[in-house]
Structures are given as structure tokens and as C-alpha cells.
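Subject: Structure handover

Hi,

Here is the structure for you to pick up. My notes come after it.

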Amino acid sequence: MSSDPALRAGAVLDIDLGAIVANWRLLAQRAAPALCAAVVKANGYGLGAVPVARELAAAGCRLFFVATLDEAIGLRKAIGDTAEIAVLNGPLPGTAADFVAHNLLPVLNDPGQIEAWRTAPLPHSRPAILHVDTGMSRLGLTAREFAGLADDLPRLGIGWRAVMSHLACADTPDHPLNEIQRARFAEAARRLPGVPASLAASSGIFLGPRYRFDLVRPGAALYGVNPQPGRANPLRQVVRLSAKILQVREIDRGESVGYGAAHSMETAGRVATVAVGYADGWLRSLSHRGCGFLDGKRVPLLGRVSMDLVSFDVSAVDPALAQPGATIELLGEHYRVDDAAADAGTIGYEILTALGPRYHRIYRLE
């Protein structure tokens, strides 16, 4: 019986923490003199919020953003008081004491949250981040709400750690909404003199200095997702996913592969089935479109992605290399997160956050 989890796992996910730190430093350098935070919500975009935040804190990051209170509490326990942690969804009713107990920053998104935070029976100071909506129409004070509260905000007894907004179209540099949002946000920030302002996330950093203000909040870019679609990616690849071959079989011309007989072999060939499927986050939309790499050669994905299995055409690979136990690279230097996203008709964010718990994860720092 093997006690090695890497041997037992159907696939291995290698996560380069050193690359994440390098990406954060590159983004921090580009954004300077603005400070650079790090977004580690959704369990560090699927890669592990705790190991990611620990390395970034050691590298000098002093502010982390998560989405939920539970994410923040877990992160605080892991990193101690080395950095501030902000909760983007803000305080749900009845949770103010949890924010104080764990030294967390709420992002206040509407007048109700502001009033609840202002009046909660808290024994300590009330630092918070104010969110102003400038065009996303999602979270944040509307223009009317902000106008009605702006004069009172400095007198509410809340220590405003920052004022923030979020760009809707930052990955499309020539979209007119970018400049509209920037101008709206600049005016809102002007109403809160002395309070640090934050507008840009990953792609917004690359829109230029006018968008960076005092603080930037990169997320997906930290993990290697290209913040400038259609341009060369300046960031390092972070993940490598290798799936183990379970079986290789000879298939005759005309035979079908997978559910629905959706793929029919045009010529006789060899098909390798690997231990990954949509239950592992290898999206079903990659059916007929995705690929892997074996011995540096592209091997097309055949038929439909099923729950636990995917099949690849390994006819062009030396049979001695395409054997049970060998691995096919699903993500890596040959086939990056953004490549998989393009084939799946989605974005790199979804590819990363979908990566499932059955993978054996290996963290390295180089």
C-alpha cells in the first residue's frame, strides 16, 4: 500500500509560489508609487489562499482582499497580524463583532451597511473601506446615495481606510466606460480628502497612471492570467497540471469515443484516457476543443469531457511514452490557463477557480 498521495492521485497540480511573488512584485513596481494589495478570494483563485498569502506577506504585501467573512477569518488565523484583511462583501447583519474579534476591515457597500457599522456596539475603533459604484451596478453606493452621504462621511466616527470602486471594462482598454468610471471615481475621492483611493484591479493597472490612484488590487494577474487580452502576457506562469494515463487502447477507424458517440475516429489510432473530468474542474465545454501535451507533442482531446475521465489522441506519440502511469500535461508552458480558457469559451478566472480538490497539490518556491 502506498502512503504517497502523489502516487494515489489521478492528477498533480504544481503551484509555483515563487512565480506568484514575482508577479506581485512586477505589478507593485508597475503601479508605484501606488501601494499594491493582493486579492486572495475564492481560496486564492483556487490555488490556496493560505500558502499564497503567507508568501506574499513575507514579500511585503500588507493588505489582502477576500470576498467573505469566513474566508477572512481563516486567513487571519493563518497569517496572524502581519497584514490587514478586507472583506469585499461587507458585514452581513449580526457579524460586526466577528470583524472586531479578528481585526478585519469591512468594505461598506450601501447605506445600510454604513449605518450598521456606525451604530454597532463595538469596543474598539471602526476602520472600514467605502465602496462607491461608478458603473458596475453591482456593489457599492450609487451616485445618488454617495451624494447624499458625502458631507457626513468624515463625521460618522468611522476611520476610512480607503475609498474604492471597480472597473467594469478594464480588460478592454479603449472602452469608453473606463474613462467615465475614472472621472466619476476621481470626483468621489475628491470628496474624501486624505483617504487613500483604489480603482484598479489586475487589468486596470495597465490602463495607465491615472487609473492607479493610491492603491491597486490585483487578483487574477497574480496567478498568471493575462491582464491584457490580445497582448503578450508579462506575468509568469503559475500552475502546471499533469493528469495520469489510466489506459491506452487501439481504436479502429470509424469507432466512437466517449458519451453520445460524439467523436468518431477518422483513422485508426491510439487513445489514452486520463483521470480528470468535470468533477475536477476540467470544464465540459472543453469537449472536442481542449488538448494536452505529451513528450512536447500536442495531443487533442477526443469527444466529451465526462465526470472523472478525459480521452486524448496519442497516435503521434511514441507508444513507449504513452503508457499507464505516464502523465499528460493539461496546463503548463505549452498550454496556459488563458489557452484553456479560450478553448472552453470562458476566462482564465474560471479555469483557475474550478480546479478541484482531488488534485494532489505541490507548492514550490523558486
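Below is what turned up, from the whole chain down to single residues.

This is a predicted model: local features need pLDDT of at least 70, side-chain atom pairs count only at pLDDT 80 or more, and totals for chains, interfaces and linings use all residues. Residues are numbered from 1 along each chain as its sequence is written, and side-chain values use heavy atoms, with hydrogens and water left out.

**Whole chain**

The protein chain has 366 residues, and 51% of them count as buried. Buried means under 20% relative accessible area, exposed means over 50%, and partly exposed lies in between (1.4 Å probe, protein chains only). Along the principal axes, the C-alpha atoms fill a box of roughly 75 × 50 × 35 Å. The accessible surface comes to about 16500 Å², with 52% of it belonging to carbon and sulfur atoms. Those areas come from the Shrake-Rupley method with a 1.4 Å probe; for residues, only the protein chains shown count as cover.

The chain contains 11 helices and 19 strands. Both are DSSP runs numbered from the N terminus: helices are H or I with at least four residues, strands are E with at least two. Take contacts between residues at least 6 apart in sequence: 63% join residues at least 24 apart. A contact is heavy atoms within 4.5 Å.

On charge, there are 37 positive and 36 negative, and their mean positions are 4 Å apart. Lys and Arg count as positive, Asp and Glu as negative; His and the chain ends are not counted. Each charge is placed at NZ of Lys, CZ of Arg, CG of Asp or CD of Glu.

**Cores**

The largest nonpolar core has 119 residues. Such a core is a set of buried Ala, Val, Leu, Ile, Met, Phe, Trp, Tyr and Cys residues joined through side-chain atoms within 4.5 Å. The residues with the most contacts inside it are L56, F64, F65, L130, W282 and I328. Helix α2 (residues 17-31) gives the most to this core: eight residues. Another core lies apart from it, with five residues, among them I251, V257, M265 and L302.

F65 deserves a line of its own. Leaving aside neighbours within four places in sequence, F65 is in contact with residues including A37, V39, A86, L88, V107, I129, M164 and R217.

**Cysteines**

There are zero disulfides. A disulfide here is a pair of cysteine sulfur atoms within 2.5 Å. C61 is buried, with a relative accessible area of 0%. C291 is buried too, at 2%.

**Backbone and loops**

The peptide bond from A32 to P33 is cis, with omega near 10°. P33 sits in the loop between α2 and β2 (35-36).

N103 is at about 55°, in the loop between α6 (96-101) and β6 (105-108). H288 is at about 70°, in the loop between β14 (269-274) and β15 (291-294). H288 is partly exposed, at 45% relative accessibility.

Last, S315. It is in the loop between β17 (310-313) and β18 (327-331). S315 is partly exposed, with a relative accessible area of 34%. Not counting residues up to four places away in sequence, S315 touches G269 and R270. S315 and S242 are 73 residues apart in sequence and 19 Å apart in space, C-alpha to C-alpha.

Best wishes
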